[in-house]
Amino acid sequence: MRIGFVGLGNMGAPMASNLASAGHDVIGYDTANVVVDGVAAADSAPQAARDAKVVITMLPDGNVLRKVAEQIVPAMDRGSVLLDCSTVDVNSARDVAKMATAAGLLPLDAPVSGGIAGAAAGTLTFMVGGDETGLDIAGELFQIMGSKAVHCGPCGNGQAAKICNNMILGATMIVTCEAFALADRLGLDRKAMFDVVSTSSGYSWSMNAYCPAPGIGPVSPADNGYRPGFASELMLKDLRLARQAAESVDADTPLGKEAMELYRKFVEEEAGHGKDFSAMLPRFEARGSV
Ligand code: NAD
């Protein structure tokens, strides 16, 4: 299949490379002039999009996506798929989908979870919004770039699923870190706490699979000096998108809002930028009750 790929950053480059390794004809474009193994380099986004059956975008945010969509939609063939895998706000995803549909294209929003390691290994999970027709065409690409694709409904619902998941993740990580810091002060051994919580009703992915306390549970960024993993600033981005979405539909999400504020402080005022999002634990360790 001829595939255009716009946005060859930390995530896009390995995803494009995996598609090329699987035998697809991939032509890519990035403003940073990135060279990717097996991927032909286009001089512009419209050049990458021309004659492609599927054009994949993997970009930083909704504003960049809107700009790129304005450039590539007119260059794409009717009936081809515009597959955005970036994490963006629901409204940008829906507006771009409207523009693409009006031009006779099949838009899909399919943000991912799995991070850079998942992109490299081809084990991402895709949360997909859009029509079955587009999914039928792009389905085989999800199998190459990932291990799972969940159809979440119409355009924008992939982004909705992503931010709801990450709002749960952010709030859960914070409370897991709080609980470890509280346990320390109560004289409760961390390993004992892990053994109890990981098999009791407080269990979660944050505790069981990605424990923020070093030396406990499966290997996680905590065992690696809190090098990401999933960087705190990316968690902040997703919590801001969740907040924006909540405001746009008048939903009450107090813990999501508080999680956003804590990660904002951590990233912008407390040297959390560049640290894994589980580095909230040393942050709480160093603080007293306020
Ligand atoms: P990145 O910053 O490494 O990559 C984005 C790329 O887009 C850059 O190479 C940049 O040069 C390029 N770009 C910017 N403007 C452009 C334009 N107008 N035309 C063409 N290229 C342009 O970011 P990333 O880590 O690859 O993340 C990409 C998306 O995936 C983001 O939306 C992010 O939230 C999401 N995501 C990232 C992770 C992760 O762990 N990194 C995990 C899940 C989702």
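Mentor: Let us begin with residue classes: Ala, Val, Leu, Ile, Met, Phe, Trp, Tyr, Cys and Pro count as nonpolar, Asp, Glu, Lys and Arg as charged, and the others, Gly among them, as polar. This is a predicted model, in which local features need pLDDT of at least 70 and side-chain atom pairs count only at pLDDT 80 or more, while totals for chains, interfaces and linings use all residues. Residues are numbered from 1 along each chain as its sequence is written, and side-chain values use heavy atoms, with hydrogens and water left out.

Trainee: How many nonpolar, polar and charged residues are in the lining of the largest pocket?

Mentor: Rolling a probe the size of a water molecule over the atoms shows where empty space is left. Here a pocket is an open set of points on a 1 Å grid over the protein atoms alone, where a 1.4 Å probe fits, with protein on both sides within 12 Å along at least five of seven lines, and lining residues have an atom within 4 Å of a point. The largest pocket holds about 1400 Å³ of space, a volume being the space filled by probe spheres set on the points, which are joined across faces, edges and corners. Its lining has 44 residues, and Met-11, Gly-115, Ile-116, Phe-230 and Leu-234 are the closest to the centre. By class, this lining divides into 22 nonpolar, 17 polar and five charged residues. Helix H7 (157–186) is among the elements that supply at least two lining residues, and H7 gives the largest share, six residues; helices (H or I, at least four residues) are DSSP runs numbered from the N terminus.

Trainee: Which element gives the largest share of the lining of the second largest pocket?

Mentor: The second largest pocket has a volume of about 270 Å³, and 17 residues line it, with Val-90, Ile-163, Ala-245, Ala-246 and Val-249 closest to its centre. Helix H4 (90–102), H7 and H10 each give two or more residues to this lining. The largest share, six residues, comes from H10, and the classes are eleven nonpolar, four polar and two charged.

Trainee: How many aromatic pairs are counted?

Mentor: A pair of aromatic rings is described by the distance of the centres and the angle of the planes. Rings of Phe, Tyr and Trp (its six-membered ring) pair if their centres lie within 6.5 Å, planes under 30 degrees apart being stacked, over 60 edge-to-face and the rest tilted. The count is four aromatic pairs. Trp-205 and Tyr-210 are stacked, at 4.8 Å centre to centre and 25° between the planes, whereas Tyr-210 and Phe-277 are tilted, at 5.5 Å and 45°. The latter pair links distant parts of the chain, its residues being 67 apart. Together with Phe-230, these three residues form one aromatic cluster.

Trainee: Is Tyr-210 buried or exposed?

Mentor: Tyr-210 is buried because its relative accessible area is 11%, and buried means under 20%, exposed over 50% and partly exposed in between (1.4 Å probe, protein chains only). Phe-277, at 1%, is buried, while Trp-205, at 48%, is partly exposed.
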